[in-house]
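Student: Please take one part of this structure and go through it closely, in plain words. I have not seen it before.

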Amino acid sequence: MKTHVFYAGAAAALLLSGSARAEDAQPAQMTHPENAAAHAAMHEAMQHQMTAPTAGAQLPAEMPGMPDRASATATQAREHAAQEQQHRTAARELAAKHGAQDAAMARGGNMHGATAGAAGHTGSGMMGETGTSQQGAGMMRTGDMHGGSGGMMPSGGGMMGGQPGGAGGTTGGSGGMMGGTTPGTGTPTTTPTAPPTSGPASGPMMGK
Amino acid sequence: MIARALLTLSALAVSAGPAAGEHLLAGAGAFRDGKFDAALVEFRVAEKLGAPEAGAYAGAALVKLGRAEEAVEAFASSPPGDDELLDWYRAVACYDAKLYGCAERALAGLARAGPKVAAEVTRLRGEIARVLSPQPAPASVDWYLARCEARYGEGRAALAAAYCREAAELGGRRPDHHGVARANAALARVVPASLPGSKR
């Protein structure tokens, strides 16, 4: 019995050492028949999935470090551009506001003098109680066209032009009258080239 | 009877046993069906049960799941050169982790691969050559060094070593050898920790 146990032990030891050597010589996956079948199945599966899309992988290669810096620079540039855009928009709005104010002030100052200066922007002075600023501007423009100052100037000018004309006529008339009386006095200084005047007609009468 | 018991014992000592094989088979089936998360679980179980190849299979599943750094760690436990397909997945893991030198080494070993693999190898090597052709910037070397130190700090020594090797290689291609001394010093610390059985 002891001998049999000894033989069995020796055989097992031989098996162990032999299998250990076999493990060294062969790839690890071939150690068990079932593992070999699994390896074949996995081999086929890996080949099958080889070109299938992978979750977020195999993107175009890029050297790290550089893209991070580039993206940081791009972000800074975008932020800077956005700030610049905001500044430009604010400046444009401010300029438009000032321009409208200046335009309104200029119109009010030229046409309506001192009274339009303060009230001209809103038109309240011109509009009275119901005026809004837009309506005021409209009324101011209307006033510019038809109001007292602009409208008055042409008509006033016409009137003024008429007055000097009238005055001239009057002067001329009086002058004629004056001329008529002068020869009547028999003044020898009267030139013979003055027939239009009434002098000679009256002169002989007066001289007779 | 004793002999039979001894024979059974010796058979168990030789391989991971049928249980591991079943999990490997289940994992392979799930992998083929595109169920990579299920495949990963099966391979992890098989690995625990002692199937040595299960680590690399888990690496392949991790590649398909887009978990490149974990895949690099999984492949670190098995040497390249045993299986062309596994080496392909190893290369993709390195590539996706931006370890282009590591990927190039793995792909170079696939020169005599079949036509399907060879086409993919050519495509990927072209991408790598494009990235590696200019002189590496110091910022790039520093990025790998920072990764190395960060991963070492997380206790992932194998991954840290891969990043440090990459930093040393890239720095060595610069005239000023930027970062090479630092990378080598880090490797001297990291590599012993990355060896199997060592614990940090």
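Tutor: Helices α2(B) and α3(B) cross in a left-handed manner; a crossing has that hand if the near helix is turned anticlockwise from the far one by less than a right angle, and is right-handed if clockwise. Helices here are DSSP runs (H or I, at least four residues), as are strands (E, at least two), numbered from the N terminus. This is a predicted model, in which local features need pLDDT of at least 70 and side-chain atom pairs count only at pLDDT 80 or more, while totals for chains, interfaces and linings use all residues. Residues are numbered from 1 along each chain as its sequence is written, chains are lettered from A and ligands numbered from 1 in the order in which they are written, and side-chain values use heavy atoms, with hydrogens and water left out.

Helix α2 of chain B covers residues 18–32, and its axis packs against that of α3(B) at about 165°, the two being 8 Å apart. The pair is therefore roughly antiparallel. Axes are lines fitted to C-alpha atoms, for helices over the stretch in contact, and angles between N-to-C directions run from 0 to 180 degrees. Under 35 degrees counts as roughly parallel, over 145 as roughly antiparallel, 65 to 115 as roughly perpendicular, and the rest as oblique.

On the α2(B) side, the residues that meet α3(B) are Ala20(B), His23(B), Leu24(B), Ala26(B), Gly27(B), Ala28(B), Ala30(B) and Phe31(B). Their partners in α3(B) are Phe36(B), Ala38(B), Ala39(B), Glu42(B), Phe43(B), Val45(B) and Ala46(B), where contact means heavy atoms within 4.5 Å. The residues of this contact divide into twelve nonpolar, two polar and one charged. In that division Ala, Val, Leu, Ile, Met, Phe, Trp, Tyr, Cys and Pro are nonpolar, Asp, Glu, Lys and Arg are charged, and the others, Gly among them, are polar.

Helix α3(B), residues 36–48, also packs against α4(B), residues 54–64, at an angle of about 160° with axes 8 Å apart. These two helices are therefore roughly antiparallel. The crossing of α3(B) with α4(B) is left-handed. From α3(B), Phe36(B), Leu40(B), Phe43(B), Arg44(B), Ala46(B) and Glu47(B) take part, and they meet Ala54(B), Gly55(B), Tyr57(B), Ala58(B), Ala61(B), Leu62(B) and Lys64(B) of α4(B). This contact is made up of nine nonpolar residues, one polar and three charged.

Ala56(B) has its place in helix α4 of chain B. It is buried, with a relative accessible area of 3%; buried means under 20%, exposed over 50%, and partly exposed in between (1.4 Å probe, protein chains only). With neighbours within four places in sequence left aside, Ala56(B) is in contact with Ala74(B), Phe75(B), Ser78(B) and Leu86(B). Pro79(B) is 23 residues from Ala56(B) in sequence, and their C-alpha atoms are 9.4 Å apart.

Back at α2(B), there is a link to the other chain. The side chain of Arg32(B) forms a salt bridge with Glu44(A), at 2.7 Å from N to O. The pair runs from helix α2 of chain B to helix α2 (residues 33–49) of chain A. A salt bridge is a side-chain nitrogen of Lys or Arg within 4 Å of a carboxyl oxygen of Asp or Glu. Side chains of opposite charge can pair when their charged atoms come close. Arg32(B) is partly exposed at 33% relative accessibility, and Glu44(A) is partly exposed at 36%. Over all chains, the structure holds 16 salt bridges.

Another of them joins Arg147(B) and Glu69(B), at 3.1 Å from N to O. Arg147(B) is in helix α9 (residues 138–153) and Glu69(B) in helix α5 (residues 68–75), both of chain B, so the pair ties together parts that are 78 residues apart in sequence. Arg147(B) is partly exposed at 26%, whereas Glu69(B) is buried at 16%. Glu154(B) also forms a salt bridge, with Arg151(B), the closest N and O atoms being 3.1 Å apart. Salt bridges that share partners join Glu69(B), Glu73(B), Arg147(B), Arg151(B), Glu154(B) and Arg156(B) into one network.
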